[in-house]
Amino acid sequence: DLTWGPLIEMDDVSTTDIIFVDQENIYLKAYTSPGLFSTGTLILSKFDKDSHELYWSMEVEDHPEYLGKECHLVDIRVENGEFHLIYWNHNKRKNETYIFRSIISEDGQFGELDFITTIHTDDDDEGSYSVYRDRNSNKTLVLTTHQFEEEEDNRITNLDILDSNLNSQFHLEIEFPFSYEYSTLKDASLTKNGNIILFVSVKSDEDRGDVIIDDAPNKKWLFFQIDTKTNEIFEVDLGLSEYYVNSAELNQDNENNIFYVAGMYGVDRYDRNSGTFFISLDQDSLTVKGKTVAEFDNETRLHYMDEDDIEDGDEVRRPFKLRNTIKREDGGIVVIFEIYEVHAYTRTDGRGNTTVYYTYDYGDLLVQNIDPNGDIAWTSVIPKRYDNPNFGGFQTIVFDDKLHILYLDDEDNIEYWSGEDDDIHEARITSSVIAMVTMDLQGNMTYQVIDETEDDDDLCYRPRGSCQVYKGNGEAIWIRSSGDEFRFGNFKAFN
C-alpha cells in the first residue's frame with residue numbers, strides 16, 4: 001500500500017533528505033540553493049508521520065562560533081525526538097579537537113552550543129579522524145591519525161570512546177608495525193563487550209623485508225582487537241592475501257555475537273571480479289566460524305559475458321560495489337552489490353578554460369543469500385540502468401521473510417520481466433516508474449510496478465532520500481521531490 005501526502009513547498013530549497021523516522025514523526029534535512037558567493041543554508045524540519053503536517057522548521061548555522069572560534073558541523077543525529085547537532089573545533093597550538101553539541105528540542109527550541117569533551121588529534125588539515133557510532137550502545141568511537149613527517153613512518157592512531165553524552169570513556173594511542181604509505185584503515189567497530197575492532201588492509205613493503213610476489217596482490221586483510229580493559233592488542237589475518245579484493249565491508253551481529261566480512265574479489269587484477277567471499281568471526285575470541293570464497297556460477301556469469309568467455313575462464317568486467325548487508329536471525333547474511341561507475345570528462349572552451357564534469361552509472365544489483373557457515377544459498381541478479389546521481393540507488397525493506405528492493409525503473413522494462421523483451425531500458429525521469437522486486441527465501445523473484453512517478457507536479461522518487469520506519473515491520477516513508485517541492489509517501493509491504 002502506498003499513499004502520497006499533500007504537496008509541500010519550502011522556498012529556495014534544492015535538496016531534501018529524510019534522516020530519521022520514529023513512531024510519530026519525520027525528521028527532514030534540507031539545503032537551500034547556494035548563491036554565487038555563498039553556500040547553501042541548512043534547514044531542519046519536523047513533520048507528523050501520518051498527516052505530514054509541519055510542526056516546525058528552522059535554519060541552522062553550519063559554522064557557529066564558540067568563544068570567538070569557528071566550529072564545524074560534522075554530524076546530525078535524532079535521539080528521543082530531538083535533533084542533536086555535533087560540532088568540532090581544532091586547536092592547532094595544542095593539537096586537540098574540541099567537541100560541541102547543540103540540541104533542538106521536540107518543540108523546536110534551539111539550545112546553546114555546549115562544550116562536551118576533548119579528543120587528541122594532530123593537524124586537522126594533514127592528520128585525519130574518523131567517527132563510528134555504535135547504535136547498539138549509543139557510544140561513539142573516534143579514530144584520529146597523526147600528521148606524519150614521512151609516509152614510511154609507522155602509523156600512529158589515537159582511539160577514543162565517547163558515551164551517549166559524548167563524554168570520554170577511553171583513550172589509547174597505538175603504533176602499528178606498518179607504515180602510513182602501505183596501510184589503509186577500512187572500517188572500525190565496537191564489540192558487545194566494549195572492545196575495539198579495526199579492519200585494516202596492509203600492502204607488502206619491500207623496504208621492511210616483506211617478500212614481493214610477481215603477479216599477486218601482495219596485500220593482507222587484518223582484524224585488530226583492542227581490549228579496552230587491558231589495552232592488549234590481538235591480530236587476526238583473514239587469509240585473503242591471494243585475492244584481489246575489490247569491495248569489502250565489516251558488519252556485526254550482536255545477537256549471535258559474531259562479526260562478518262563480505263565482499264567481492266578477482267584473481268588476476270583489481271578491476272575484474274571472479275566471485276564473492278564471506279568470513280564470520282566470534283566477537284570475543286576472533287576465531288573464524290565460517291569462511292567461503294566462491295566463484296560466480298555460470299548463470300551469473302552469463303549476465304555479463306558469452307559462453308566462449310566463460311570457457312576461457314575470463315573474469316566479470318563490471319565495477320561492483322558492496323552497498324548493503326542484511327543480517328539473518330540465524331547469523332547468516334544477505335549481501336547486495338551494485339554496479340556503480342563514475343566517468344570524468346573534460347571540456348575546453350574557445351578561451352582555453354577547461355571544465356571537468358562527471359557522469360554516474362547505476363547498474364545491476366547482485367544479491368546473495370549466505371548461510372551462517374558461509375555457504376551461498378543462492379545468487380540472483382536484478383537488472384537495472386540509471387545514470388542520474390540524484391535519483392539513483394535503491395531501498396530495501398525486509399518483511400515476513402521476504403526482501404523487497406525498490407528502485408526507479410523504465411516503464412517499458414515490465415516487458416523484460418514478463419519475457420516479452422530481452423533488453424533492459426535505461427530509466428529516465430520522464431519515463432520512470434517505482435519498481436519493486438520481491439525475493440523469497442529461495443531467491444525467487446517477482447516484479448511489480450508500485451507507482452507511476454509522473455504526475456502534475458513532476459516530482460521524482462528518491463530512493464536514497466527515503467527512510468524505513470522500523471526494521472522488519474514493512475513500513476517506510478518515501479520522498480518525491482523536485483527543487484523546492486516534495487511529497488511524503490507512506491508505504492506498507494503486504495504478503
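Trainee: Threonine 97: buried or exposed?
Mentor: Threonine 97 is buried, at a relative accessible area of 3%. Buried means under 20% relative accessible area, exposed over 50%, and partly exposed in between (1.4 Å probe, protein chains only).

Trainee: What kind of model is this, and how are residues numbered?
Mentor: It is a predicted model: local features need pLDDT of at least 70, side-chain atom pairs count only at pLDDT 80 or more, and totals for chains, interfaces and linings use all residues. Residues are numbered from 1 along each chain as its sequence is written, and side-chain values use heavy atoms, with hydrogens and water left out.

Trainee: OK, back to threonine 97. Which strand holds it?
Mentor: Threonine 97 sits in β11. Helices (H or I, at least four residues) and strands (E, at least two) are DSSP runs, numbered from the N terminus.

Trainee: How much of β11 is buried?
Mentor: Seven of the nine residues in β11 (residues 96-104) are buried, so the strand is mostly covered.

Trainee: What does the side chain of threonine 97 contact?
Mentor: The side chain of histidine 90, in a polar contact of 3.0 Å. A polar contact is a pair of N or O atoms within 3.5 Å; within protein, one must be able to donate a hydrogen and the other to accept it, and residues adjacent in sequence count only if both atoms are side-chain atoms.

Trainee: How many bridges join β10 to β11?
Mentor: Nine, and β10 (residues 82-91) runs antiparallel to β11. Two strands pair if DSSP finds at least two bridges between them.

Trainee: What's in the turn?
Mentor: β10 and β11 form a hairpin with four residues between them. Asparagine 95, in that turn, has a positive phi of about 55 degrees.

Trainee: How does β11 run relative to β12, parallel or antiparallel?
Mentor: Antiparallel, with six bridges to β12 (residues 114-120). One of the bridge pairs is phenylalanine 100 with phenylalanine 115 in β12.

Trainee: Switching to aromatics. How many aromatic pairs are there?
Mentor: The count comes to 25. Rings of Phe, Tyr and Trp (its six-membered ring) pair if their centres lie within 6.5 Å; planes under 30 degrees apart count as stacked, over 60 as edge-to-face and the rest as tilted. Among them, tyrosine 98 and phenylalanine 115 are edge-to-face, 6.2 Å centre to centre with 70 degrees between the planes.

Trainee: Why does that pair tie together parts that are apart in sequence?
Mentor: Because tyrosine 98 lies in β11 and phenylalanine 115 in β12, 17 residues apart in sequence. Tyrosine 98 counts as buried at 14% relative accessibility. Phenylalanine 115 counts as partly exposed at 40%.

Trainee: What's the geometry of phenylalanine 486 and phenylalanine 488?
Mentor: Edge-to-face: 5.5 Å centre to centre, 70 degrees between the planes. Phenylalanine 486 and phenylalanine 488 are both buried.

Trainee: Which residues form an aromatic cluster?
Mentor: Phe20, Tyr27, Trp56 and Phe83 form one.

Trainee: New topic. How many cavities of 30 Å³ or more turn up?
Mentor: Two, in a search of the whole structure. On a 1 Å grid over the protein atoms alone, a cavity is a set of points where a 1.4 Å probe fits but cannot get out, and a pocket is an open set with protein on both sides within 12 Å along at least five of seven lines; lining residues have an atom within 4 Å of a point. Grid points are joined across faces, edges and corners, and a volume is the space filled by probe spheres set on the points.

Trainee: What lines the largest cavity?
Mentor: Its volume is about 60 Å³. The lining is Leu143, Thr145, Arg155, Thr157, Phe176, Phe178, Leu185, Leu198 and Val200. β14 (139-145), β15 (154-162), β16 (168-179) and β18 (196-203) are the elements that give two or more residues. By class, six are nonpolar, two polar and one charged. Here Ala, Val, Leu, Ile, Met, Phe, Trp, Tyr, Cys and Pro count as nonpolar, Asp, Glu, Lys and Arg as charged, and the others, Gly among them, as polar.

Trainee: And how much space lies in the second largest pocket?
Mentor: About 400 Å³. Of its 20 lining residues, Val202, Lys203, Ser204, Asp210 and Lys220 are the closest to its centre. β16, β18 and β19 (219-226) each supply at least two lining residues. That lining has nine nonpolar, four polar and seven charged residues.
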